[in-house]
Amino acid sequence: MTVAGKKVAIAIGIAIAVIVIIIAGVLIALHHRAVGVPQKVNATTVQRPKVKVVTRTVTKVKIGSARAVLAWETPPLISRSWLIKNGIYYRAWSWWSYFQGYVTVSPNGKYVIVGTVKGELYIYNASTGSLIKEITFPLGEIPRTIRFTADGRYMIVGVWSRKGWLIIYDTRTWTPVARLELDKYVAGPSNATIQTIIKEPWLAVIPYYAVVSPNGDIVYVTIVERYVNPKTQSPEYIPVKYDLAEIYPQIREKYKHYPAMVWVDKYYWSRVIAYDIATHRVVWVWPRDHPAYVDIPILAISSNGKYLAAASFWGIYAKNPVEWHMGEVWVLDAATGKLLYTYSPLPPIPYMNHTSIWNGLAFADDGKYLTVVTGEGRIVVLDNERSVIMHRPVVVWEKDIVEFIPTQAFLIPLTGKAKTAKIVKTYIYTYAGLAAVTSRYLIAYTGGTYCVGWTPGYLKRPEIVHPNSTKLFIFDLQTGKLVYVDLFNGMPTYGKVRPFVLTGCYLVGSIGVNWVRADASMAGVYVWYVCGTPHRVLRILTVLRGLGIPADVSAYDSMIYVLTGLVNTAHSPTQPAHIVGEYRLIAYRIVIT
């Protein structure tokens with residue numbers, strides 16, 4: 001090649017390289033815009049009111065089409081030393097992500113309420129962050145389930161304690177006007193001591209979930225108690241044998257008998273009550289003659305106030321597994337408590353011999369549909385109105401979002417229970433729940449990765465992360481078509497039974513650690529737009545900011561309220577502890593860009 005030819009070739013090569021670099025830059029920018037990678041970070045000092053509020057430099061995070069601006073924050077509500085002493089903090093390597101606090105907003109958006117794990121109830125001005133009222137309960141009494149009537153006149157507080165309480169407050173004075181003891185509807189006071197309840201409040205008598213009738217007259221509450229050994233201060237578990245063919249008629253088409261066994265709590269007692277807020281009396285209880293012998297953590301009421309639904313999460317009654325078993329739905333007449341029909345989704349045989357429903361229950365379209373999401377990943381939409389008429393469930397559509405994958409697991413001995421670690425073959429799955437239902441979409445999610453089966457005395461840790469774990473799935477409510485999937489890469493935290501909240505067109509979720517990866521870096525508050533074409537618009541990574549794990553979130557209009565808790569970001573219990581965060585309430589304002 002001549003010198004001139006070489007020069008031309010070099011020039012062409014340089015031109016091509018420049019074009020490739022430009023195209024690559026454009027593609028990267030477009031990718032970042034599509035997936036919501038921060039495009040710009042600006043520091044700003046936000047001035048806040050002086051009452052119980054601090055001022056410091058914060059970061060505006062810009063992702064997708066929205067940014068979050070810090071409005072105000074409280075000082076720590078519980079000291080780090082008390083929380084650490086009692087072991088009340090998240091751990092990057094642990095799957096446990098349940099109750100460490102509760103936050104909610106009044107219907108008019110004027111007040112933010114925080115219930116702490118230590119037993120305080122804080123009432124804040126939602127705009128300024130100023131403290132309006134502080135209510136302190138004795139140790140071992142934890143205000144956890146908080147609801148308002150639609151007009152905001154009354155606040156209903158469910159207190160977890162040895163006896164369990166339902167307390168009605170007049171919001172004009174924030175004083176109690178009625179108080180109902182709940183243990184008499186289950187099995188009497190819990191055997192758990194005050195110290196046990198402080199560390200493990202789920203062992204108390206618990207008003208697990210509450211819904212208020214649309215007219216504000218009645219509050220429906222599910223009360224749950226489990227057996228606690230008074231000496232060991234822990235639940236007792238027993239193996240229960242049963243025949244799946246007796247519980248699920250679908251199985252009888254293929255098998256005459258299908259023997260099964262599961263380890264469950266020795267005893268569960270649950271009751272649903274309807275309480276008249278004005279007259280302070282119980283209108284009805286269900287079941288009427290005795291408690292349900294399963295764990296019922298979730299209720300749903302139709303927007304027309306006609307139907308109330310309940311579902312069981314765990315437990316099976318050894319004396320009558322057909323009548324009382326986990327993963328069952330009951331639909332009641334909300335006015336009378338009369339049972340209208342039941343529904344039991346089929347277990348994912350042969351991998352598991354039961355189903356469970358933690359929060360996967362909601363009505364849609366004024367009670368026309370009932371949506372069900374099982375923990376094992378089955379999504380079902382029932383024609384509720386036809387089901388009521390026919391006294392049996394009528395399925396509109398159903399889908400599975402969880403596949404059971406063969407792999408290995410590490411059996412890690414628990415203190416005092418076993419001595420030798422093992423590697424075993426198993427199947428993994430990811431636990432599923434219901435984030436929200438809108439007029440157009442059913443929004444489900446998956447949490448952490450878990451192994452099939454339980455080995456007493458061991459922690460069963462998956463070797464790999466399930467490919468469908470920690471994701472949001474949005475389906476068309478009418479057709480079941482999947483329209484959107486997103487990865488948030490951490491287990492939701494359960495300050496409430498349902499760790500997501502809707503505010504207008506936005507879905508807000510509190511996301512914690514990825515326990516299989518022992519990673520807390522992606523924990524934070526995630527926000528999705530769920531009207532029209534769904535997409536994620538915002539992500540606030542709270543651990544990376546040193547704020548801790550979002551223990552719970554609530555929202556109203558453009559405001560997001562985050563209760564943060566401590567987290568040990570060490571990757572295993574044998575590493576030196578590195579505890580991040582404070583127990584405080586933080587308010588952000590969503591700014592659409």
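## An enclosed strand and its partners

Strand β38 (residues 559-565) is largely enclosed by the rest of the structure, because seven of its seven residues are buried, where buried means under 20% relative accessible area, exposed means over 50% and partly exposed is in between (1.4 Å probe, protein chains only). This is a predicted model, in which local features need pLDDT of at least 70 and side-chain atom pairs count only at pLDDT 80 or more, while totals for chains, interfaces and linings use all residues. Residues are numbered from 1 along each chain as its sequence is written, and side-chain values use heavy atoms, with hydrogens and water left out. Strands here are DSSP runs of E with at least two residues, helices are runs of H or I with at least four residues, and both are numbered from the N terminus.

Both faces of β38 are covered, with Met559, Tyr561, Leu563 and Gly565 buried on one side and Ile560, Val562 and Thr564 buried on the other. In a regular strand the side chains alternate between the two faces of the sheet. Strand β37 (residues 549-556) pairs with β38 in the antiparallel sense over seven bridges, pairing being assigned if DSSP finds at least two bridges between two strands. Within this pair, valine 553 has valine 562 of β38 as its bridge partner. The two strands β37 and β38 form a hairpin with two residues between them, and aspartate 557 in the turn has a positive phi of about 55°. Strand β41 (residues 584-592) also runs antiparallel to β38, joined to it by six bridges, and isoleucine 586 in β41 stands opposite valine 562.

## Overall composition

The protein has six helices and 41 strands. Of its 593 residues, 58% are buried, and the accessible surface comes to about 24600 Å², of which 56% belongs to carbon and sulfur atoms; these areas come from the Shrake-Rupley method with a 1.4 Å probe. Among the contacts with a separation of 6 or more, 57% are accounted for by residues 24 or more positions apart, a contact being heavy atoms within 4.5 Å.

Strands β10 (residues 154-160) and β11 (residues 165-170) pair in the antiparallel sense over six bridges, with tryptophan 165 in β11 as the bridge partner of valine 159.

## Nonpolar cores

The largest nonpolar core has 167 residues, of which Met155, Tyr220, Leu370, Leu442, Leu472 and Tyr561 touch the most other members; such a core is a set of buried Ala, Val, Leu, Ile, Met, Phe, Trp, Tyr and Cys residues joined through side-chain atoms within 4.5 Å. The largest share of this core, seven residues, comes from β28. Apart from it lies another core, of 19 residues, among them Leu70, Val501, Val537 and Leu547.

## Aromatic pairs

The count comes to 35 aromatic pairs, where rings of Phe, Tyr and Trp (its six-membered ring) pair if their centres lie within 6.5 Å, and planes under 30 degrees apart count as stacked, over 60 as edge-to-face and the rest as tilted. Tyrosine 267 and tryptophan 269 form a stacked pair, at 5.7 Å centre to centre and 20° between the planes. Tyrosine 267 is partly exposed, with a relative accessible area of 39%, whereas tryptophan 269 counts as buried at 16%.

The rings of phenylalanine 313 and tryptophan 358 have their centres 5.2 Å apart and their planes at 65°, so this pair is edge-to-face. Phenylalanine 313 lies in the loop between β20 (307-311) and β21 (329-333) and tryptophan 358 in the loop between β22 (339-343) and β23 (361-364), so the pair ties together parts that are 45 residues apart in sequence. Both phenylalanine 313 and tryptophan 358 are buried.
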